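Work through the two exercises below with the model open. Each has a task and a stepwise solution.

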Amino acid sequence: MTSQRLQHIKDHILAANTCTEMATPPPSPLSTHVLNTGRGVPGAGMALSLHRLDPCTETWNLLISGATNDDGRCPGLITREAFIPGVYKMRFETGQYWKGLGETCFYPYVEIVFTITDPSQKFHVPLLLSRFSYSTYRGS
Amino acid sequence: MDPSKDNRPITTHVLNTADGVPATRMALSLHRLNTHMMIWNLLAVGTTDEEGRCAGLISGENLSLGMYKLRFETGQYWENLGQTCFYPYVECVFSITSLEQHVHLPLLLSRFSYSTYKGS
C-alpha cells in the first residue's frame with residue numbers, strides 16, 4: 001500500500017473533524033477567507049468543506065467541514081501531515097449563506113478545484129462573493 | 001426581445017487576463033442537473049473561438065428552469081500554452097429561475113486567479 005493510499009484511508013477516519021471544533025488550531029498550510037463584496041463585510045457563518053481527489057477511485061474524499069467565523073475565516077483546515085500533493089476542492093455553500101441573509105444567490109454553491117504540487121508552501125484560497133459574482137485567487 | 005438572443009439564452013466569454021487576450025480554443029461544456037436522479041446531464045460541448053466566445057450552447061426552446069453548470073477546461077488551456085494552472089478546471093454552477101432572462105457568464109482567468117459574474 002502506498003503512503004498516499006494510506007493517507008487517503010486516514011482521511012476517511014478523520015473526516016468527522018470540523019474546523020470550528022478546534023480551540024487553538026495549529027497553523028494550517030491551507031487557508032481561506034470569504035468576503036461578501038455585495039455588502040462590504042466578511043462572509044461570516046458560511047458553511048464550507050474541503051475535499052481531496054482520490055486518484056485511485058476518482059472520487060472526492062471529504063477532509064473537513066465547518067463554517068467561517070465572524071472574520072470570514074476558517075482556521076485549522078488541514079494539518080501539514082495531511083497536506084499531500086494532489087487535487088483539492090473547497091466547496092462553499094453560497095446559496096445557503098445568502099438565504100440566511102434573506103436574499104437569493106445566482107450560485108447555489110461554489111466549488112474551487114485546485115492542484116497542489118508543492119505542499120511545503122502556504123496556500124490561501126479566498127472567495128470574494130456577491131449575489132451575482134465571485135472571484136478567487138491563489139494567495140499565500 | 002432581441003431576435004439574435006432568442007436562441008442563445010446562455011452565453012459565455014473567456015478572457016485570459018494574464019496576457020490581456022481572449023482565451024481561444026478552450027474546451028468547455030454545459031450541463032443541467034437532473035433533480036430526480038441527482039446527476040448532471042451533459043447538454044453541449046464546445047470550444048471558444050478567436051474572440052473567446054462559444055456559440056450554440058443551448059437553444060431557447062431547450063432552456064428549462066433549474067440548476068446548470070458550465071465547465072471550463074482551464075488546465076488543458078494553459079498546458080497548450082506551455083504553462084501550468086492552479087485550477088485544473090473551473091465549474092460554475094448557477095440557477096436559471098426565469099425563462100425570460102438571457103444569462104451571460106464570462107470567465108476572467110489567469111494561471112492563479114479567476115472571476116465570473118452574471119451579465120446580460
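**Exercise 1.** Find which element gives the most to the lining of the largest cavity.

Solution. 
1. In this predicted model, local features need pLDDT of at least 70 and side-chain atom pairs pLDDT 80 or more, while totals for chains, interfaces and linings use all residues. Residues are numbered from 1 along each chain, chains are lettered from A in the order written, and side-chain values use heavy atoms, without hydrogens and water.
2. Locate the void. One cavity of 30 Å³ or more is present (on a 1 Å grid over the protein atoms alone, points where a 1.4 Å probe fits but cannot get out; lining residues have an atom within 4 Å of a point).
3. List the lining: Glu111(A), Ile112(A), Val113(A), Tyr89(B), Val90(B), Glu91(B) and Tyr114(B).
4. Assign elements. β7 (110–116) of chain A and β6 of chain B each give two or more residues (strands are DSSP runs of E, at least two residues, numbered from the N terminus).
5. Sort by class: five nonpolar, no polar and two charged residues.

Conventions: On a 1 Å grid over the protein atoms alone, a cavity is a set of points where a 1.4 Å probe fits but cannot get out, and a pocket is an open set with protein on both sides within 12 Å along at least five of seven lines; lining residues have an atom within 4 Å of a point. Grid points are joined across faces, edges and corners, and a volume is the space filled by probe spheres set on the points. Helices (H or I, at least four residues) and strands (E, at least two) are DSSP runs, numbered from the N terminus. Ala, Val, Leu, Ile, Met, Phe, Trp, Tyr, Cys and Pro count as nonpolar, Asp, Glu, Lys and Arg as charged, and the others, Gly among them, as polar.
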